[in-house]
Amino acid sequence: MPVLTSMIGFVVTSDPEKAKTFYGDRLGFRLLDEDDFALVFDANGTMLRVAKAREFKPARNTVLGWEVDDIRAAIGELTSRGVQFERYDLPFMKQDELGVSSPGNGNHVAWFKDPEGNVLSISQHVRPVRRRKP
């Protein structure tokens with residue numbers, strides 16, 4: 001029997017109301033609980049805890065990501081909900097007009113930020129990496 005069973009995602013916010021709107025309305029996750037310490041969302045079967053902090057400085061790298069079946073359709077849906085995708089001017093990473101980077105292995109990735117500046121991503125894989133259900 002595995003010791004580690006279900007992953008829980010964590011991000012931090014200093015503005016819980018903005019985080020509630022972003023993760024709930026824009027990303028479509030259901031708010032399960034809120035207390036003095038965190039907002040807890042059901043991120044399509046994965047618990048996402050948005051920890052409350054007085055001050056916070058986001059990491060510069062991606063902190064959460066979601067696999068999608070069709071990255072361009074997902075970008076269209078998220079953009080219609082007010083999500084803005086990031087454009088990076090890096091010589092080693094090309095992006096198309098939607099902000100999708102394709103590293104040459106058939107996979108695709110695009111990035112966006114939450115209101116706190118946490119870098120989030122969506123990705124489409126040639127071979128999906130989703131965990132198989134027992």
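Which residues of helix H1 (residues 16-26) are buried? In this helix, Ala19, Phe22, Tyr23 and Gly24 are buried, where buried denotes under 20% relative accessible area, exposed over 50%, and partly exposed anything in between, with a 1.4 Å probe and protein chains only. The model is predicted, so local features need pLDDT of at least 70 and side-chain atom pairs count only at pLDDT 80 or more, whereas totals for chains, interfaces and linings use all residues. Residues are numbered from 1 along each chain as its sequence is written, and side-chain values use heavy atoms, with hydrogens and water left out.

Helices (H or I, at least four residues) and strands (E, at least two) are DSSP runs, numbered from the N terminus. The cover over the buried residues of H1 includes E1, E3, E4, E6 and E7, contact being defined as heavy atoms within 4.5 Å. Just after H1, Gly28 adopts a positive phi of about 80 degrees.

Two strands are said to pair if DSSP finds at least two bridges between them. Strand E1 (residues 8-13) pairs with strand E4 (residues 46-52) in the parallel sense over 6 bridges, and Val12 stands opposite Ala51 in E4. E4 also pairs with strand E3 (residues 38-43), here in the antiparallel sense and over 6 bridges; Asp42 stands opposite Met47 in E4. The hairpin of E3 and E4 has 2 residues between the strands, and Asn44 in this hairpin takes a positive phi near 55 degrees.

Strand E7 (residues 119-124) has 5 of its 6 residues buried, so it is largely enclosed by the rest of the structure. Its pairing with strand E5 (residues 62-67) is parallel and spans 5 bridges, with Glu67 opposite Ser123 in E7. E6 and E7 run antiparallel and are joined by 6 bridges; Ala110 stands opposite Ile122 in E7. In the hairpin of E6 and E7, 5 residues lie between the strands, and Gly117 takes a positive phi near 100 degrees.

The loop between helix H2 (71-80) and strand E6 (108-113) contains Ser101. Ser101 counts as buried because its relative accessibility is 6%. Its side chain reaches the backbone oxygen of Lys94 at 3.3 Å, which can be set against the definition of a polar contact: a pair of N or O atoms within 3.5 Å, where within protein one must be able to donate a hydrogen and the other to accept it, and residues adjacent in sequence count only if both atoms are side-chain atoms. Leaving aside residues up to four places away in sequence, Ser101 touches Met93, Lys94, Gln95, Asn107, His108, Val109 and Trp111. Pro103 is found in the loop between H2 and E6 as well, but Pro103 is exposed, with a relative accessible area of 58%. Pro103 and Val119 are 16 residues apart in sequence and 19 Å apart in space, C-alpha to C-alpha.

Val119 also belongs to the lining of the second largest pocket, which comprises 13 residues; Arg60, Asn61, Thr62, Tyr88 and Val119 lie nearest the pocket centre. By class, this lining has 8 nonpolar, 3 polar and 2 charged residues. About 190 Å³ of space lies in the second largest pocket. A pocket is here an open set of points on a 1 Å grid over the protein atoms alone, where a 1.4 Å probe fits, with protein on both sides within 12 Å along at least five of seven lines; lining residues have an atom within 4 Å of a point.

Conventions
Grid points are joined across faces, edges and corners, and a volume is the space filled by probe spheres set on the points. Ala, Val, Leu, Ile, Met, Phe, Trp, Tyr, Cys and Pro count as nonpolar, Asp, Glu, Lys and Arg as charged, and the others, Gly among them, as polar.
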